[in-house]
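Dear colleague,

Please find below the structure that I am handing over to you. My findings follow it.

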Amino acid sequence: MTTSQSEVTNDRQALPALVVRGVRKTFEAELAPVRALRGVDLTVERGSFIALMGPSGCGKSTLLNLVAGLEEVDEGTISVAGESMSDGTEDTHALIRRKHIGIVFQFFNLLEGMSVLENVALPAIIAGKNRKSAESRARDLLDLLGIADKASEMPGVLSGGQRQRLAIARALANEPTLLLADEPTGALDSVGGQEVIELLSRLHTQGQTIILVTHDANVAKAADTVLRMRDGRILSDGDALTNDTLTTIGSL
Ligand SMILES: Nc1ncnc2c1ncn2[C@@H]1O[C@H](COP(=O)(O)OP(=O)(O)OP(=O)(O)O)[C@@H](O)[C@H]1O
Ligand SMILES: [Mg+2]
């Protein structure tokens, strides 16, 4: 690597994990368009653990989907580790997603016909790693997440908490800059939920950058910053949610 290349790499590593500026997204619906995001600004520094809270329909999942490049922004910019998730094509967004993003959903989205190990190895294989090194990394992840003994089982035999840990292992397969978790404890009982939260906290201590969407204030406590959304916007930290504020925001 030449000096200038390594300088570029170092510069990139110094950039925030995520920068969102002026993002708007409207969905066409039968009755009237739904303005799901109405101007979102957000900077997530590397190593931070952010919990995103807010009422149903305020735009939390839409924001995560845009950050992951699963949907396209209407207006504004998103950059993940300095790479644009708002300019460019769906193909370039898919490449950036594979390189920088791991996603965990409420209902796990596991591949039920594949073994636990194969579920975790697959993203790395899709990203171009050979099977042997992908499986070796998958074994390390399962070990880290405490389900190494289940490697050759099918996902169907796992408990809810174990299934979500498997989904998290899979999300970490390509060493993502940013781990996005959309209500990862929403479908779990309190024991399973606790397992998942402890795991996310541990990953955070090891330096993983995390954005966690949750409705549960106890779950949000694991994060170092709690951001609140209302009606397609992020309210600034510490905003008093008086009824007046809510009425004003709701009418915008
Ligand atoms: N594909 C879509 N087509 C039409 N409307 C959509 C679509 N996706 C989201 N919406 C609408 O956009 C708004 C924001 O939805 P979003 O799923 O982001 O909310 P949320 O904060 O994640 O809610 P919840 O807490 O219930 O998961 C909602 O009014 C929703 O109905
Ligand atoms: Mg949602």
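Of the contacts in the protein with a separation of 6 or more, 67% join residues 24 or more positions apart; two residues are in contact if their C-beta atoms, placed from the backbone, lie within 7 Å. This is a predicted model, in which local features need pLDDT of at least 70 and side-chain atom pairs count only at pLDDT 80 or more, while totals for chains, interfaces and linings use all residues. Residues are numbered from 1 along each chain as its sequence is written, and chains are lettered from A and ligands numbered from 1 in the order in which they are written.

The protein has nine helices and 10 strands (DSSP runs numbered from the N terminus: H or I, at least four residues, for helices; E, at least two, for strands). Of its 252 residues, 39% are buried, that is, with 20 or more other C-beta atoms, placed from the backbone, within 10 Å of their own.

In helix 3 (residues 90-100), the buried residues are His93, Ile96, Arg97 and His100. They lie on the same side of helix 3 because they cover an arc of only 105° around the axis, taken from the directions from the helix axis to the C-beta atoms. Strand 4 (75-80), strand 5 (83-84), strand 6 (101-104) and strand 7 (178-182) are among the elements that cover these residues.

Around ligand 1, the shell includes Phe27, Gly54 and Lys60, a residue being near a molecule if its C-beta atom, placed from the backbone, lies within 6 Å of it. Helix 2 gives the largest share of this shell, three residues.

Kind regards

Conventions: A residue is buried if 20 or more other C-beta atoms lie within 10 Å of its own, exposed if 12 or fewer, and partly exposed in between; C-beta atoms are placed from the backbone.
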